[in-house]
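The following exercises ask the reader to examine a protein chain step by step. Each task is followed by a worked solution.

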Amino acid sequence: MKKKSVLTLLLACSLLAGENGTPALAAEQEQEVSADSRVVSFTDYTGMRVTYDANVPRKYIYEVSDGVLTAVKEKKSDENGSETLTEVSFEGNVELKQPEEGEKYTSVSADVFAGNQEITYVKLPSGVTTVAGAGFKGCTALKSVYLPSTVTELGEGAFEGCTDLTQISLPKSVTVIGDNAFKGNAKLQLLQLRDMEESGLMSVGAYAFADCQKLEQMVLPQSVTTLGDYAFQGCSALIRVEINCDQITIGQSAFPNALEAGGLVIVAGSGSNAEAYAQDNGLAFHGNT
């Protein structure tokens, strides 16, 4: 191409809001439109209502190298009937599948989506384990992404600069949120960790949520042992961060704008590293036990 439980959010625009904010994946509802079209609607984990043509992916040709999806193409015929392979110009709501034959992919190259200003929602297939570094960087119309339960890592800058991203749900399989993963997503309001008590998330990278100006609350499960430097820099609306790991290592100036905003409260166990961090940095603290 290469145009290359705390908050609830209901969306309009090209993605239709669910009737309720229930954070559960509803059964897909199909509506036959024509022999070549099969419209599917579903509500994702965050309550977002998504509609797309499920027959379109069947026409895609997936190019995979060493487990990485490097390109998605489709056959096109010219006026003489000659067929050529053309890279897909993705727009709107997109669903990817695994190839029916040949090598499957575990990651998607940044060449597939990064910089695309037309996509609004992407559903990744089972078997994807990594959202590659810069995988969706600069996708300025993207509002959310469906991540399957096989995903374990969000690479560096995976969703950086997705200025329309409003909400995303992470499966319990995710262990790493890389540096700059959501940096600059000024409209991000809801990051949901599915099955919080079973979450395997261990680290949140440096600048991971920097400049997420609408983010008000965050809950870090007990599994998180590392919070990177400047992780919440510029999060001027952040008022509450719950930290459930007593021995967590918190990086330099993880909340550098907290005192300017004046309302951030760190909620954690008494005697925890988080309490010591709050005291050392002049932040309000509330014990959660």
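**Exercise 1.** Leaving aside its neighbours within four places in sequence, with which residues is Glu160 in contact? State also where Glu160 is placed and whether Glu160 counts as buried or exposed.

*Solution.* The model examined here is a predicted one.

Step 1. Find the residue: Glu160 is placed in the loop that runs between β13 (153–154) and β14 (167–170).

Step 2. Apply the cut-off. A residue is buried when its relative accessible area is under 20%. The relative accessibility of Glu160 is 18%, and therefore Glu160 counts as buried.

Step 3. List the contacts. Beyond its neighbours within four places in sequence, Glu160 is in contact with Phe136, Lys137, Gly138, Asn180, Ala181, Lys183 and Asn185.

**Exercise 2.** Describe the chain as a whole by its helices and strands, its share of buried residues and its accessible surface.

*Solution.* 

Step 1. Three helices and 23 strands are found in the chain.

Step 2. The chain has 289 residues, and buried residues make up 47% of them.

Step 3. The accessible surface of the chain is about 13100 Å². Carbon and sulfur atoms account for 45% of this surface.

**Exercise 3.** Which residues of the largest nonpolar core touch the most other members? Which helix gives the most to this core?

*Solution.* 

Step 1. Begin with a general principle: in soluble globular proteins, nonpolar side chains tend to be buried together.

Step 2. In the chain, the largest nonpolar core has 66 residues, and those that touch the most other members are Phe136, Phe159, Phe182, Phe209 and Phe255. Helix α3 (residues 273–280) gives the most to this core, with three residues.

Step 3. Take Phe182 as an example. When residues up to four places away in sequence are not counted, Phe182 touches Leu154, Phe159, Leu165, Ile168, Ile177, Leu188, Leu191, Ala208, Phe209, Ala210 and Cys212.

Step 4. There is also a second, separate core of eight residues, including Val40, Phe42, Tyr52 and Tyr121.

**Exercise 4.** Describe the volume and lining of the largest cavity, and then those of the second largest pocket.

*Solution.* 

Step 1. The volume of the largest cavity is about 50 Å³. Its lining is made up of Phe232, Gly234, Cys235, Leu238, Phe255, Pro256, Asn257, Ala258 and Leu264.

Step 2. Sort the residues that line the largest cavity: seven are nonpolar, two are polar and none is charged.

Step 3. The second largest pocket holds about 220 Å³ of space. Its lining consists of Pro57, Arg58, Lys59, Tyr60, Ile61, Tyr62, Lys97, Gln98, Pro99 and Glu100.

Step 4. Sort the lining of the second largest pocket in turn: five residues are nonpolar, one is polar and four are charged.

**Exercise 5.** Are Lys75 and Val267 buried or exposed? State the strand and the contacts of each residue.

*Solution.* 

Step 1. Lys75 is part of strand β6 (residues 68–77), and Val267 is part of strand β22 (residues 265–268).

Step 2. A residue is exposed when its relative accessible area is over 50%. Lys75 has a relative accessibility of 56%, so Lys75 counts as exposed. Val267 has a relative accessible area of 6%, so Val267 is buried.

Step 3. Without counting residues up to four places away in sequence, Lys75 touches Ile61, Glu83, Thr84 and Leu85. Under the condition that residues up to four places away are not counted, Val267 touches Arg240, Val241, Glu242, Ile243, His286 and Asn288.

Step 4. Lys75 and Thr86 are eleven residues apart along the chain, and their C-alpha atoms are separated by 6.3 Å. Val267 and Ala284 are 17 residues apart along the chain, with 8.7 Å between their C-alpha atoms.

Definitions and conventions. Residues numbered from 1 in each chain as written. Predicted model: local features only at pLDDT ≥ 70, side-chain atom pairs only at ≥ 80, totals over all residues. Heavy atoms only, no water. Core = buried A, V, L, I, M, F, W, Y, C linked by side-chain atoms within 4.5 Å. Buried < 20%, exposed > 50% of the residue type's maximum accessible area, 1.4 Å probe, protein only. Helix = DSSP H or I, 4+ residues; strand = E, 2+ residues; numbered from the N terminus. Contact = heavy atoms within 4.5 Å. 1 Å grid on protein atoms, 1.4 Å probe; cavity = no way out; pocket = protein on both sides within 12 Å on 5 of 7 lines; lining within 4 Å. Points joined across faces, edges and corners; volume = space filled by probe spheres on them. Nonpolar A, V, L, I, M, F, W, Y, C, P; charged D, E, K, R; others polar. Areas by Shrake-Rupley, 256 points an atom, 1.4 Å probe, with all protein chains shown as cover.
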